[in-house]
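Here is a short briefing on salt bridges. Look over the sequence and the model before reading on.

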Amino acid sequence: MRRDSPLSPQTQYAKSGDAYIAYQVLGEGPPLVVATGYMSHLEQNWEWPDSARFYQRLASFARVVLFDRRGTGLSGLISAPATFDEMMDDIRAVMDAAELERAALLGGAEGGPMCMLFAATFPERTAALILAGTYARRMAAPDYPWGITEERYARTLAAFDTRWGREPMGIHAIAPNLAEDRGFRDWYTKAMRYAASPGAARAWYRMTTEIDVRRILPAIRVQTLVVHRTGDRVIPLAAGRYLAQHIPGARYVELPGEDHFWFLGDQELVGEIQEFLTGVRSAPQRDRVLATVLFTDIEGSTARAADLGDQRWRGLLNQHNEVVRRELRRFRGKEVETVGDGFLATFDGPVRAIRSAQSIVQAVRTLGIEVRAGLHTGEIELLDRNIGGIAVHIAARVMAHARGGEVLVSGTVRDIVAGSGLNFEDRGSHVLKGVPGEWRLYAVE
């Protein structure tokens, strides 16, 4: 997979007791220290464009400080999970190294309780508190029924030994809208390996399920913003409402969406943070155009790669990429990115898009491989070097229904190319995962 992304900021180290805490600083404006909920790797986080764009947007109005908590990512190994005292020391050490006397804190998921404790303990160093998709307690209790059950806890704990870093563990809850996206699945699985070993991740999970900071919530006396997505499948909405009800004077905002990761979806969280910290909210620049979106994918690539071996498969894949790029250029297609062993491209006309897809399918057969292609026409959002919008998701879902050697299009494409001389075979109505309604699909003859 190729993902063009901006270079990450320079990684530096702060000394906290016997530990070295990796951190990065970017942007100008009011200081904002970010404590992510998921174990991170500062430099690998920048490899996914949506993640990079999220932090760049924060840096457009704030001086952002990112860090890997001790024992994870670039912050090195430790013999045991960090205590809350050590976590608060780490925040202070990073703030001192970045020469910040006071800063706002942004905490999500497991990073939230750490920030709550810091804000209550060190209000003189906390300019404001922002809690996004987080909680006061992780486990269920008679007076906290929306926490996780003992059965779910046991299943998750057992999964670390067999699934951590081998597959995108929990992806359907964490990122339901990208759960079947091969590029994101690869990045997410890699993120696990870069963040921690299975044993360290297991120990971290055990520690986070013991968290209960409910009793300290009334002691938080700094300005607080609580933001929660209504469809969050990892941290239920009730957990966010509980925080807002028990932190004095907290402002509470519910945002639509299901993805747990901050940087996925429409990123409206950034606008809420900007308004909370600066009093001004600038809408992100969104250029929208009508385009035909093409996704391609090599049929049976996993089995073929296993048969050929890494070196021969890489050589074949390079040949495939050259052929696809040649056919895209012939029909004025714009390559957006490679996704796994396929391509994402856009066209300013649906007929050219279909002709290009047909030529790709035919041309790669000389290499002994079959490619499937999916197309949809709709409004897309231009995002720096990438594209977004529902039209992109629909095209990906259409491609997923195609067979090897086949060009499959949505009913939208078929309807607007009437009179072009192209012929189609009706493939019936389909439910496209994550897309409302049923969609009529057609194979290009």
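This is a predicted model: local features need pLDDT of at least 70, side-chain atom pairs count only at pLDDT 80 or more; totals for chains, interfaces and linings use all residues.

Residues are numbered from 1 along each chain as its sequence is written, and side-chain values use heavy atoms, with hydrogens and water left out.

**Overall count**
- The whole structure holds 28 salt bridges (a side-chain nitrogen of Lys or Arg within 4 Å of a carboxyl oxygen of Asp or Glu).

**R182 and D297**
- R182 and D297 form a salt bridge, 3.3 Å from N to O.
- R182 lies in helix α6 (residues 182-195) and D297 in strand β9 (residues 287-298), so the pair ties together parts 115 residues apart in sequence.
- Helices (H or I, at least four residues) and strands (E, at least two) are DSSP runs, numbered from the N terminus.
- R182 is partly exposed at 35% relative accessible area, while D297 is buried at 6%.
- Buried means under 20% relative accessible area, exposed over 50%, and partly exposed in between (1.4 Å probe, protein chains only).

**E327 and R330**
- The closest N and O atoms of this salt bridge between E327 and R330 are 2.7 Å apart.
- Both residues lie in helix α11 (residues 310-330), three residues apart, about one turn of the helix.
- E327 is buried at 4%, but R330 is exposed at 55%.

**D348 and R352**
- D348 and R352 meet in a salt bridge of 2.5 Å, N to O.
- D348 is exposed at 52%, and R352 is partly exposed at 29%.
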